[in-house]
Amino acid sequence: MSNPNRNSGRSPSGSSTAPSGMHSPRKDVTRRPTGTGWPDEAKRPAPAPSPAPARAGAPAASARRNRFSSAGVFIALLLGLLGFTLVVQLKSNSEETGLASARQEDLVRILADLEAREQRLRQEISGLEDSQRQLTSGVEGRQAALEEASRRADELGVLAGTLPAQGPGLTVRFEEGDQKLKAAALLDAVQELRGAGAEAMQISGTGGDPVRIVASTYFLDTEGGITVDGERLTGPYTIDVIGEPRTMETALKIPGGVVESVGNDNGTVIVQERDVVEVSARAAPTNLQYARPAS
C-alpha cells in the first residue's frame, strides 16, 4: 500500500514543502532589484521635489548686513572728514612755511624788533599829540607853528633827498661771486630796508658818484655794472642807510631774504652796524607836471 504523503508533497503538519532547488512563489512579498536602478529607468517615477528647508537665521543675517552697511557709511564719512581736515592743515602749513622754517633765535629776534618798532611808533604818536596841543594852546601857538613847520620841512627834505642826513644805521656791502649781481637784488635790498624803517639811503660803487635813493630811484642792469638813476656803477656796491640798525639787519638776514638770495648766487653780503652813517648825496629836485596838492 502506497504512502499518500509521498505524492501530495505535504508534511504531516499540513504545510506544503517545495521540491529541492525550487522557490515557492509568494504573492505577498515584492522584491525590488538590488542594482543601481529600476529594471526600466524610463518607467521609474520622478522623485517629488523636496521643499526647501526654512532658514531660521535669514532675518538675523539680513539685520547683520544692514548693520554692517550703516557702519561702513559712518566710517566713510569719518574718513572724508579726516581727509578734509588734513588738506586744510597742509594748506595752512604751506602758507606759513616762511616763518615755520626759521630758527628759534631768528623768531625771537624778529619779535624783539617788532616790539621795538611798536615802541618807536608809539613815541611818534605821543610827539604828534604834544605838537597838536601846542598848536592849539593860544599865545604860544604861532611860535610853535613856525617851529613845527621848520621841522617838517627838514624831514621832508631828508625824505625827498634834497638835504644831507646823518644818524645811526648800517653799511651794506654787496660783493659778486661767480655770477654777476643783478639789479633786482639791489632793489630787493632797498625795499627790505624801507620796510624796516630806513629814513635815508645812498648807494655807491667802484665807478661813478654816489646816488641818493628816493621814491623814484630806478635800477637797471647794464654791461659790466648797474645803472642807478642814470649813473653807471660797478661792483662791489655799498648802501649806506640811516635807521634802527637791528631792525634793518634782521630784515636783510631773515630766511629767504636778501642775504640768503645773494648767497645762493655765490655772492656775499656784509652788514655792519654804525653809530653814525653819513648820507651826503642829494637827489635833483623833481618838477611836478601832473600832481597838485589836494585842498
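Biologist: What share of the 295 residues of the protein chain counts as buried?

Modeller: The share is 23% of the 295 residues. A residue is called buried under 20% relative accessible area, exposed over 50% and partly exposed in between (1.4 Å probe, protein chains only). The model is predicted: local features need pLDDT of at least 70 and side-chain atom pairs count only at pLDDT 80 or more, while totals for chains, interfaces and linings use all residues. Residues are numbered from 1 along each chain as its sequence is written, and side-chain values use heavy atoms, with hydrogens and water left out.

Biologist: Why does Val228 count as buried?

Modeller: Val228 has a relative accessibility of 1%, and the limit for the term is under 20%; Val228 therefore counts as buried. Val228 lies in strand S5 and is in contact (heavy atoms within 4.5 Å) with residues including Ile203, Val211, Phe219 and Leu233. Helices (H or I, at least four residues) and strands (E, at least two) are DSSP runs, numbered from the N terminus.

Biologist: What makes up the largest nonpolar core?

Modeller: Such a core is a set of buried Ala, Val, Leu, Ile, Met, Phe, Trp, Tyr and Cys residues joined through side-chain atoms within 4.5 Å. The largest one has 30 residues, and Phe174, Ile203, Phe219 and Ile239 have the most contacts inside it. Helix H6 (residues 183-195) gives the most to this core, with six residues. A second, separate core of five residues includes Ala200, Ile242, Val277 and Val279.

Biologist: Why is Val158 called partly exposed?

Modeller: Val158 has 22% relative accessibility, which falls between the 20% and 50% limits, so Val158 is partly exposed. Val158 is found in helix H5 (residues 141-160). Val158 and Val279 are 121 residues apart in sequence and 9.6 Å apart in space, C-alpha to C-alpha.

Biologist: Why is Phe74 called exposed?

Modeller: The relative accessible area of Phe74 is 51%, and the term applies over 50%; Phe74 is therefore exposed. Phe74 is found in helix H2 (residues 58-95).

Biologist: What makes the link between Asp221 and Lys180 a salt bridge?

Modeller: The term requires a side-chain nitrogen of Lys or Arg within 4 Å of a carboxyl oxygen of Asp or Glu. The closest N and O atoms of Asp221 and Lys180 are 3.8 Å apart, so the pair qualifies. Asp221 lies in strand S4 and Lys180 in the loop between strand S1 (165-175) and H6, so the pair ties together parts that are 41 residues apart in sequence. Asp221 is partly exposed at 41%, and Lys180 is partly exposed at 33%.

Biologist: What separates Glu249 and Lys253 in helix H7?

Modeller: Glu249 and Lys253 are four residues apart in helix H7 (residues 245-253), which means about one helical turn. Their side chains meet in a salt bridge at 2.9 Å, N to O. The structure holds six salt bridges, and Arg151, Arg152 and Glu155 are linked in a network of them.

Note on methods. Lists of a residue's contacts leave out its neighbours within four places in sequence.
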